[in-house]
Amino acid sequence: MKFEESHYFKSLKAHKLEMPFGNFYLCEKFFISELNEGIHFDWQKIEDVVAELIKFYGKDAKLGYIPNRINSYSVNPHYWDKVDKTFNIIVASAIVVYSTMTLMNADLEKRFFKKSIKRCTSLTEAIEWMYGLEEFK
C-alpha cells in the first residue's frame with residue numbers, strides 16, 4: 001500500500017519530497033521512501049536525499065527510516081554502513097516488504113547495518129514499531 005493511500009498520510013501531516021527516482025514522506029520522527037520501479041538507488045541518489053533530509057530536519061537529526069518497497073529496485077547493501085559512518089542520521093529502519101524477493105533482500109541488508117532493522121509486512125506495523133523505539137521516547 002502506498003503511504004498516500006493509508007490513513008496515516010493525513011494524520012501524520014507528512015511533508016512530501018518528490019525526487020526524480022521516488023517520493024519521500026518526511027514525518028516528525030521518521031521518513032518513508034517509495035522508490036520508483038527498476039531504479040538503482042546509488043550513492044549519488046542517497047547523498048541527494050540526505051541533503052534534503054538535513055535541510056528539513058537539521059544536521060543533528062536522528063531519524064527512523066521506513067523503505068516502503070511497493071516497487072522493485074536495487075540498492076547496494078553495503079550502503080547501510082556507509083550512510084551510518086558518513087551521516088549518522090538513521091537510528092533504525094523498518095523495511096516494508098510485499099514479496100518473498102523483497103524479504104530476502106531485506107534479510108541481506110540487515111546483515112550490513114549495525115543498528116536495528118525490522119522487516120514488516122505492512123506500513124501500519126512499520127509505523128507502530130517506529131513509535132515504540134526507545135530512541136524516540
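User: What are the ground rules for the model?
Analyst: It is predicted, so local features need pLDDT of at least 70 and side-chain atom pairs count only at pLDDT 80 or more, while totals for chains, interfaces and linings use all residues. Residues are numbered from 1 along each chain as its sequence is written, and side-chain values use heavy atoms, with hydrogens and water left out.

User: How many aromatic pairs are there in the whole structure?
Analyst: The search finds 11. Rings of Phe, Tyr and Trp (its six-membered ring) pair if their centres lie within 6.5 Å; planes under 30 degrees apart count as stacked, over 60 as edge-to-face and the rest as tilted.

User: How are the planes of F21 and F41 set?
Analyst: They are at 45° with the centres 5.9 Å apart, so the pair is tilted.

User: Buried or exposed, F21 and F41?
Analyst: Both F21 and F41 are buried (under 20% relative accessible area; exposed is over 50%, partly exposed in between; 1.4 Å probe, protein chains only).

User: And what about W43 and Y79?
Analyst: That aromatic pair is tilted as well, 5.5 Å centre to centre with 50° between the planes. W43 is in helix α2 and Y79 in helix α3, 36 residues apart. Helices (H or I, at least four residues) and strands (E, at least two) are DSSP runs, numbered from the N terminus.

User: Switching to α4: which residues are buried there?
Analyst: T102, A106 and E109.
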